[in-house]
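Good morning, everyone, and thank you for making the time. Please have a look at the sequence and the model on the screen, and then I will walk you through some parts of it.

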Amino acid sequence: MIVSITFDVEQDCPPYLTTTKGMEEGLPKLLDLLEEKRVKATFFFTAEVAKRFPDLAKRVVDGGHELGSHNYNHERLDKLSRDEGAKAIEKSLKVLREFGDVVSFRAPNLQFPDYYYGVLEKNGVLVDSSRATYKGYGDGVKFFGSVLEVPASTTSSVIRLPWRLQRIIHSRLREPRVYFAHPWEFVSMRKEKIRWDCRFNTGDKAIELLGMLIDHYKSQNAKFLTMREYYPLYGNLKRD
Ligand SMILES: [Zn+2]
């Protein structure tokens, strides 16, 4: 069984908040948990956050995790002109590549018009994870030109549901199971004026539940892959 743990690293709950507690408190806790569990994850950073918190981007790379791009400043690609969107992606890669090799991308809000596969290809991106099975994308892992699409499996709040409930959801997901969450979910958001699904079980409870998710898969001998690791694994599909 193949599982991936991914994080979209951005300001707290955009566009509702502009704070960065996710970076100040959430991300260090996440990195500690992953180190303790010996699991490598993928962190899709906005370039803006990497510039503001360079030590965190370095810690991700030094910890053996994958650093990916989540665009420059969380711009939604469906709301930009093609030219503006391409420029934002290029600019984000330029900043993030100062920290290490960056070959994976996830579009903000998972809004990714097909046109952008060509933009990623031109910029040396190998893996995209901007599609979501839970949003109706049903093609599974597939090449678009030279870019491998590895869709996200569930919405981020699923991994904060009570364990007994989320366990049922996990068993029904098709493989590979690609989870995603945000650093701000690991900081208590209970008092913020944001949607309920962005608040419940945030903070330490979310850390505990993520630990349970990891243990659940470890007990089944699952293989945890970073996004870039799918590329060689599925490389043979490209020639078919
Ligand atoms: Zn995002």
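This is a predicted model: local features need pLDDT of at least 70, side-chain atom pairs count only at pLDDT 80 or more; totals for chains, interfaces and linings use all residues.

Residues are numbered from 1 along each chain as its sequence is written, and side-chain values use heavy atoms, with hydrogens and water left out.

Let me start with the metal. Which residues are the protein donors of the zinc ion? They are Glu10, through OE, and His70 and His74, each through NE2, and they lie 1.9 to 2.1 Å from the ion. Donors here are N, O and S atoms within 2.8 Å of the metal (3.2 Å for Na, K and Ca), and since water is not among the atoms, sites may look incomplete. Along the sequence, the spacing of these donor residues reads E-x59-H-x3-H. Histidine 70 is buried at a relative accessible area of 1%, and histidine 74 is buried as well, with a value of 15%. By buried I mean under 20% relative accessible area, by exposed over 50%, and by partly exposed anything in between, using a 1.4 Å probe and protein chains only.

Next comes the largest pocket, which holds about 440 Å³ of space. Of the 23 residues that line this pocket, the closest to its centre are Asn109, Ser156, Phe180, His182 and Arg195. A pocket is found on a 1 Å grid over the protein atoms alone, as an open set of points where a 1.4 Å probe fits, with protein on both sides within 12 Å along at least five of seven lines, and lining residues have an atom within 4 Å of a point. Grid points are joined across faces, edges and corners, and the volume is the space filled by probe spheres set on the points. The lining of the largest pocket divides into ten nonpolar, seven polar and six charged residues, where Ala, Val, Leu, Ile, Met, Phe, Trp, Tyr, Cys and Pro count as nonpolar, Asp, Glu, Lys and Arg as charged, and the others, Gly among them, as polar.

Asparagine 109 sits in the loop between strand S4 (104-105) and helix H5 (116-122), and at 36% relative accessibility it counts as partly exposed. Helices (H or I, at least four residues) and strands (E, at least two) are DSSP runs, numbered from the N terminus.

Now to helix H3, residues 54-62, whose buried residues are Leu56, Ala57 and Val60. Seen down the axis of H3, these buried residues fall within an arc of 100°, so they line one face of the helix; the arc is that of the directions from the helix axis to the C-beta atoms. On the other side of H3, Asp55 and Asp62 are exposed. What do the buried residues of H3 pack against? They pack against H1, strand S2 (42-45), helix H2 (47-52) and strand S3 (66-69), with contact meaning heavy atoms within 4.5 Å. Just after H3, glycine 64 takes a positive phi of about 85°.

Turning to helix H1 (residues 21-37), lysine 37 lies within it and, at 13% relative accessibility, counts as buried. Setting aside neighbours within four places in sequence, lysine 37 is in contact with Gly211, Ile214, Asp215 and Lys218. Arginine 38, by contrast, is found in the loop between H1 and S2, counts as exposed at 74% relative accessibility, and has a positive phi near 55°.

Another buried residue is serine 129, with a relative accessible area of 0%, in the loop between strand S5 (127-128) and strand S6 (142-144). Beyond residues up to four places away in sequence, serine 129 touches several others, including Phe44, Phe105, Glu149 and Met227.

Finally, there are two cis peptide bonds to point out. One joins proline 14 and proline 15, with omega about 0°, and proline 15 is in the loop between strand S1 (2-9) and H1. Another joins glutamate 175 and proline 176, with omega about -10°, and proline 176 is in the loop between helix H6 (163-172) and strand S8 (177-181).
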